[in-house]
Amino acid sequence: MSVQLSDLGLGFAVHGSQIDAPVPGRSLRTMRRVGLVALVGSCVAATLTGSALVAAGGAIWWLSADAYVRKATMVRAHRARRVFSAEALGAVAFLAGAAVAVAADVPELLGAGLVLKHLVECLAMPLQGAVDPAGHLPSHQEWFGQMATFAASNADYVVVMLLLPPAAFSIYVMAFRLANALPALVGQALTQDTFVELASSPGGGRDAAVMAGVRRRVVRLSVVGAAGGIAAALVGRAVLG
């Protein structure tokens, strides 16, 4: 939830704005203030519950929002390959944190790995374009769409949680995340790059050469994503049992 809803829809709104439009400073400050409230609230809750994972949730909300808006400005500026590189670095940072968590048998470090992932992405993706300090970009419709997508895409968790005991449900969640990691990363990069290319083509995406290039990219990255998903599933089965 922290990753999918934290930007309050601003990332999607920026992504769909004109390439030379300034970054709306007022909307950006509002998003960051909400993230700061989430961070402080999660730290207070972590103090009361003694769970470091709760604090990590607030930090993830705060950092992932900024990372997504930065990503949107870079995609809008036709720098999708830089975005892909930043996301790849972030994935490596998370995997390093996960490896340490498993080796040290400290589950709380998984949250630290996610925090590190979004921090790396923020550092690797500076905001592109000028910032209008008084600028405001309405994003409530985009945020509602994100909430609806989040609810629909996580319905399986609710069903499986009711059917499986806690230990088995934990294995299900970790196995899904592991198997879906590379396909999701490849799919997101493909979608972002293709969206910008089609939108900027003279024929509005109807040019035959552009479409041929898109199809070739889809085939290549689909093979990579499928192979990565299968490999991750085999590794997950060996590790999780």
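How many disulfides does the structure hold? I found 0 disulfides, counting a pair of cysteine sulfur atoms within 2.5 Å as one. This is a predicted model, where local features need pLDDT of at least 70, side-chain atom pairs count only at pLDDT 80 or more, and totals for chains, interfaces and linings use all residues. Residues are numbered from 1 along each chain as its sequence is written, and side-chain values use heavy atoms, with hydrogens and water left out.

I then checked burial (relative accessible area under 20% is buried, over 50% exposed, in between partly exposed; 1.4 Å probe, protein chains only). Cysteine 43 is partly exposed at 35%, and cysteine 122 is buried at 10%.

Cys122 is listed among the buried residues of helix 6, along with Gly111, Gly113, Val115, His118, Glu121 and Ala124. Helices here are DSSP runs (H or I, at least four residues), numbered from the N terminus.

Last, I took helix 4 and helix 5. Lys71, Met74 and Val75 in helix 4 meet Ala80, Arg82, Val83 and Glu87 in helix 5, with contact meaning heavy atoms within 4.5 Å. The helix axes (lines fitted to C-alpha atoms over the stretch in contact, angles running from 0 to 180 degrees between N-to-C directions) come within 7 Å and cross at roughly 150°. I therefore noted helix 4 and helix 5 as roughly antiparallel, a term for angles over 145 degrees.

Notes
Helices (H or I, at least four residues) and strands (E, at least two) are DSSP runs, numbered from the N terminus. Angles under 35 degrees count as roughly parallel, over 145 as roughly antiparallel, 65 to 115 as roughly perpendicular and the rest as oblique.
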